Amino acid sequence: MDPVRKRTKDLSKSVDSAHLAPFPDEVLEKVLSLVKSHKDRSSVSLVCKDWYNADRWSRSKIFIGNCYSVSPEIVARRFPNIRSVTLKGKPRFSDFNLVPQNWGADIHSWLVVFAQVYPFLEELRLKRMVVSDESLEFLANSFPGFKVLSLLSCDGFSTDGLKAIATHCKNLTELDIQENGIDDLGGGWLSCFPETFVSLEVLNFASLNSDVTFDALERLVSRCKALRVLKVNKHISLEQIQKLLLRAPQLMEVGTGSFQQELVPRQFAELETAFGSCKNLHTLSGLWEASSVYLPVIYPACANLTYLNLSYATLQSDELSKLLPNCSNLRRLWVLDTVEDKGLEAVGSSCPLLEELRVFPADPFDQDMVHGVTESGFVAVSSGCRKLHYVLYFCRQMTNAAVATIVKNCPDFTHFRLCIMNPGQADYLTNDPMDEAFGAVVKTCTKLQRLAVSGLLTDKTFEYIGKYAKNLETLSVAFAGSSDRGMQSVMEGCPKLRKLEIRDCPFGNEALLSGLDKYESMRSLWMSACNLTMNGCRQLAKNMPRLNVEVIKDEESDDSEADKVYVYRSVVGPRRDAPPFVLTL
Amino acid sequence: MNNLSESGKSGMNLKETELTLGLPGEPRVGKACMKRVFSETVDLELGNSGKKDSSGSGSSMKKESATSRGKLVGWPPVRAHRKNIMTVKSGKYVKVGVDGAPYLRKVDLELYNSYEQFLSIRTVLDEKKLMDPVNGVEYVPTYEDKDGDWMLVGDVPWKMFAESCKRVRLMTRSEAIGLAPRPETKCSSSSS
């Protein structure tokens with residue numbers, strides 16, 4: 001489509017107006033282009049027809065939270081000048097194998113339309129989409145100015161697709177491949193960047209498993225002077241990372257490779273120097289198999305670190321306790337529960353500026369109860385880190401009293417995700433349900449946007465949530481609740497709820513239908529292993545024609561049961577690419 | 001503000017040392033429950049889905065999301081790339097358990113060169129060492145070897161032990177009575 005604007009404004013109207021002279025379109029568009037947030041942009045477009053049009057013509061970035069809520073044709077028609085697209089596909093529970101293969105969310109049909117409409121497309125950021133090698137090749141060949149490719153939790157492609165990107169995208173600035181289910185056919189893709197290619201600023205291939213040619217990587221890093229983010233995979237050794245750091249001391253974010261290698265003292269010193277020479281380094285990750293022996297090489301860089309991701313390093317508490325006093329500037333910390341409560345005490349005492357903490361389980365599926373963190377570790381962090389507002393915490397025991405203390409210490413939580421790993425586990429000291437814990441969270445943390453609950457929970461928890469969580473947008477529920485009343489309380493409260501995902505709860509059709517008035521203002525609802533039936537879902541679909549009510553049929557289940565239900569608003573009706581096991585009602 | 005964590009912590013310590021022998025995750029109801037004989041502890045299936053035990057919840061889940069072996073699909077909600085962190089690690093990891101404590105710890109035997117080093121590491125009982133005559137309750141370190149037999153730690157040279165050890169359990173003296181008598185020398189002297 002021709003990017004030349006068409007003047008559609010009817011000037012005669014404005015002559016009659018006794019008020020201010022109308023803005024020329026260019027001015028309005030210029031002003032609106034300074035409005036960056038897509039939510040604000042959305043609001044802007046609803047003000048009046050002029051503003052709608054101004055937003056239309058000036059919008060260059062678009063965010064689509066559910067790829068099935070709209071079609072590429074509609075997007076193309078409304079926004080002629082898009083340069084950057086963010087698309088999300090599968091429901092989040094697909095991360096945990098709850099969505100079968102071939103469910104959908106294929107990017108290809110989008111790319112075909114974009115190739116026609118947006119030849120100047122520069123950025124594509126995808127999350128939970130299916131991307132094939134053909135699509136990547138098509139992308140590489142369709143958009144000469146393409147700059148940014150970010151693939152998070154996607155699947156369907158192999159390193160061959162990356163070869164196409166490296167070969168053809170002459171203006172690439174970002175290649176960010178994270179946590180995808182891909183076929184790793186070898187590391188040769190990296191060698192496909194031509195020697196003339198110098199524009200890379202971000203390179204993240206940490207999650208790829210095969211070896212790249214180190215020589216090619218070193219040369220690439222050397223010639224890309226604007227490189228600021230480099231995250232390598234675990235095949236890159238300590239010695240190699242030292243060479244890379246020397247080539248690129250301007251790096252701001254580094255993901256190291258494996259941290260386990262026999263080093264002589266000279267090499268150790270060289271590594272320390274290399275880390276010390278990176279004056280702009282604020283983010284550090286990777287650190288696979290890091291242990292107390294070699295961890296000290298990062299100490300020279302620690303004072304400036306704001307984000308440290310140790311979630312691949314099985315550190316013990318004393319190792320973390322030695323490291324953290326060097327990291328007083330940390331805002332974000334990710335660790336494994338191998339650090340135990342003692343390690344978390346060190347967090348509390350060493351990192352007063354901490355805003356985000358994520359504690360992952362090192363052994364989530366071990367049938368034996370391997371020690372991890374408990375409520376006291378969490379309390380210790382809350383006590384020392386009063387600015388904490390984002391937490392993801394996997395543990396095996398918790399108490400209501402501890403959570404009450406935690407939120408009293410840190411009332412500014414925006415994201416509170418607590419996973420007590422044994423489903424339906426009570427307060428281990430009092431044997432009570434964990435209702436009061438989450439009650440305390442929603443009552444105290446008025447800014448709460450995201451909540452994940454766990455443990456033994458009755459309907460009371462959901463009554464609290466419905467009543468107090470006025471800013472809640474995302475809620476994740478598993479193995480909780482006593483009756484339909486629970487879910488109903490949430491549907492009747494929580495005015496800002498956008499995403500609700502539920503599994504293994506005793507909520508049935510009545511609960512589902514209680515949200516009739518709410519689903520159109522939400523992005524989506526997921527319910528699996530609850531008490532829904534096909535009839536209940538049909539009723540929902542019948543009453544709400546602008547919702548897609550999809551049931552994923554499970555071979556083992558009864559015909560009348562609706563084992564997995566995914567409900568979302570859409571302006572394009574039922575999707576045409578649904579596989580046979582997805583029924584749209 | 002610290003009161004809770006302090007009292008909770010010391011309370012937990014005392015409770016931890018009580019030999020209540022309940023299933024992990026279950027409420028500690030004091031010294032009730034039957035005493036498990038040694039062989040039963042080895043076969044104990046810990047960490048089973050607690051759904052069935054959660055009485056009083058009124059939670060009536062019509063359908064179980066379980067697959068074989070009582071394992072739940074997609075639970076805990078940990079993404080695929082995080083699942084194998086411990087299993088792909090190099091080193092020789094063995095589980096170390098202590099009678100009376102519900103949790104185990106994984107320890108890398110390759111980090112140690114002698115019984116002395118190994119036995120001085122801290123256990124899940126916080127400040128207590130694996131073999132500490134000061135704590136009042138004497139624990140006897142035992143291990144399961146390649147053949148599945150339970151032996152007393154210290155009977156064989158360290159290297160041999162490290163190679164054949166599959167898991168370690170600290171038993172109270174009374175529990176360990178059925179095992180082979182050990183030589184008077186090694187353990188008691190090397191632990192001081």
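1. Let's start with A:V31, which sits in helix α2 (residues 25-32) of chain A. Helices here are DSSP runs of H or I with at least four residues, strands are runs of E with at least two, and both are numbered from the N terminus. A:V31 is partly exposed, its relative accessible area being 45%. On that scale buried means under 20%, exposed means over 50%, and partly exposed is in between, using a 1.4 Å probe and protein chains only.

2. Some ground rules before you read on. This is a predicted model, where local features need pLDDT of at least 70 and side-chain atom pairs count only at pLDDT 80 or more, while totals for chains, interfaces and linings use all residues. Residues are numbered from 1 along each chain as its sequence is written, chains are lettered from A and ligands numbered from 1 in the order in which they are written, and side-chain values use heavy atoms, leaving out hydrogens and water.

3. Back to A:V31: together with A:F23 and A:V27 it makes a nonpolar surface patch of about 260 Å². A patch takes residues with over 30% relative accessible area and no salt bridge, joining like charges within 9 Å and nonpolar side chains (Val, Leu, Ile, Met, Phe, Trp, Tyr) within 5 Å. The areas come from the Shrake-Rupley method with a 1.4 Å probe, and for residues only the protein chains shown count as cover.

4. UniProt, in an unreviewed entry, puts the feature "domain: F-box" at residues 23-64 of chain A. Its positions are given in the numbering used here, feature names are shortened, and annotations may be inferred rather than shown by experiment. In the model, that span is 62% helix and 10% strand, with its end C-alpha atoms 30 Å apart.

5. Which residues are linked in a network of salt bridges? They are A:R41, A:D55, A:R59 and A:R78. A salt bridge here is a side-chain nitrogen of Lys or Arg within 4 Å of a carboxyl oxygen of Asp or Glu. By this rule, the count over all chains is 30.

6. Next, A:R125 and A:E174 form a salt bridge, with the closest N and O atoms 3.6 Å apart. A:R125 is in strand β3 of chain A and A:E174 is in strand β6 (residues 174-178) of chain A, so the pair ties together parts that are 49 residues apart in sequence. A:R125 is partly exposed at 25% relative accessible area, whereas A:E174 is buried at 13%.

7. Have a look at A:E550 and A:R575 too, whose side chains meet in a salt bridge (2.9 Å, N to O). A:E550 lies in strand β21 (residues 547-552) of chain A and A:R575 in the loop between β22 (564-569) and β23 (582-584) of chain A, so they tie together parts that are 25 residues apart in sequence. Both ends are covered: A:E550 is buried at 0% relative accessibility, and A:R575 is buried at 8%.

8. Strand β3 (residues 123-127) of chain A also runs parallel to β4(A), joined to it by five bridges. Within β4(A), A:L152 stands opposite A:K127, and four of the five residues of β4(A) are buried. In the loop between β4 (148-152) and β5 (155-158) of chain A you'll find A:S153. It isn't glycine, but its phi is positive, near 55°.

9. Now chain B, which has five helices and five strands. How are the strands arranged in the open sheet? The order is β2-β1-β5-β3-β4 (chain B), with mixed pairing. The edge strands, each pairing on one side only, are β2 (105-108) and β4 (150-152) of chain B. Two strands count as paired if DSSP finds at least two bridges between them. On average, neighbouring strands of this sheet are turned by 30° against each other, direction ignored; axes are lines fitted to C-alpha atoms, for helices over the stretch in contact, and angles run from 0 to 180 degrees between N-to-C directions.

10. Strand β1(B) shows both senses of pairing. With β2(B) the pairing is antiparallel over four bridges, and B:Y93 has B:D108 as its bridge partner. In the hairpin of β1(B) and β2(B), with six residues between the strands, B:G100 has a positive phi near 95°.

11. One last thing to check: a cis peptide bond joins B:W75 and B:P76, with omega about -5°. B:P76 is in the loop between α2 (38-43) and β1 of chain B.
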